[in-house]
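Here is a short briefing on one structure. Keep the sequence and the model open while you read.

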Amino acid sequence: MQSTCLTLLCHARTVAQKLARFPTDEPVEMDWQSASGSLSLQFKETPRLFTAPELRARQTAVLFGSDGMVVEALRDCDFGRWKGARMGDLQRSEPEALQAWLDDPQAAPHGGESVAQLVERVGAWLETLEATPGRIVAITHPFVIRAALTRVLHSPAFNLIDVEPLSAIELRFNGRWRLRLPGTNLEDPCS
């Protein structure tokens, strides 16, 4: 049985990330047009490329030389009325609401999506990939990657995971999802 090899790649850095703001549909900071195709050589075969619908994810997909197929399940968490807000401002103006959101995965004081809802959405998408062997690269957001890890590892560690711009994690499905931490051998295990 061939494995499903999923690389979750975080989009390139945005100004919102640099300023510790909850994201909006902002562009990436880098000159992504001149870097077109720069990541496509990392794989022997061209992977199926999926991307979140937001601009920053679609611009990052161009680094593979393709727009990628937009997958709604990869969209960023809905932060409701906190979109564009600075974390520091919320610590001053809504400290109880912010703390409730950080402590309780069911909480959504911003009127958007709770962490639990995000984990369920991402988990449902992962289930659709279980019968899809081969190499997949999905360009998405830090919160979506954190949700995938939370689901795969059956862990409440969502708020203990940092995901840097353009960082990648590998997941493999061969009867169950597993986190794969590649060593120095950069050969593609799915080819």
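His 11 sits in the loop between strand 1 (4–10) and helix 1 (15–18). This is a predicted model: local features need pLDDT of at least 70, side-chain atom pairs count only at pLDDT 80 or more, and totals for chains, interfaces and linings use all residues. Residues are numbered from 1 along each chain as its sequence is written, and side-chain values use heavy atoms, with hydrogens and water left out. Helices (H or I, at least four residues) and strands (E, at least two) are DSSP runs, numbered from the N terminus.

**His 11 and its surroundings**

- His 11 counts as buried because its relative accessibility is 2% (buried is under 20% relative accessible area, exposed over 50%, partly exposed in between; 1.4 Å probe, protein chains only).
- Beyond its neighbours within four places in sequence, His 11 is in contact with residues including Gln 17, Ala 57, Thr 60, Ile 139 and Pro 165 (contact means heavy atoms within 4.5 Å).
- The His 11 side chain makes a polar contact with the side chain of Arg 56, at 3.5 Å.
- The side chain of His 141 also makes a polar contact with that of His 11, at 3.5 Å.
- A polar contact is a pair of N or O atoms within 3.5 Å; within protein, one must be able to donate a hydrogen and the other to accept it, and residues adjacent in sequence count only if both atoms are side-chain atoms.
- Pro 27 is 16 residues from His 11 along the chain, and their C-alpha atoms are 10.0 Å apart.

- Most residues other than glycine have a negative phi.
- His 154 has a positive phi, near 50°.
- It lies in the loop between helix 6 (142–152) and strand 5 (168–173).
- His 154 counts as exposed because its relative accessibility is 73%.
- Leu 166 has a positive phi too, near 65°, and its place is in the loop between helix 6 and strand 5.
- Leu 166 is partly exposed, with a relative accessible area of 38%.
- Leu 166 is also one of the residues in contact with His 11.

**Helix 5 against helix 6**

- Helix 5 (residues 115–129) packs on helix 6 at about 75°, with the axes 8 Å apart.
- That angle makes the two helices roughly perpendicular (65 to 115 degrees; under 35 is roughly parallel, over 145 roughly antiparallel, the rest oblique).
- Helix 5 contributes residues including Leu 118, Val 122 and Leu 126, and helix 6 contributes residues including Phe 143, Ala 147 and Arg 151.
- Axes are lines fitted to C-alpha atoms, for helices over the stretch in contact, and angles run from 0 to 180 degrees between N-to-C directions.
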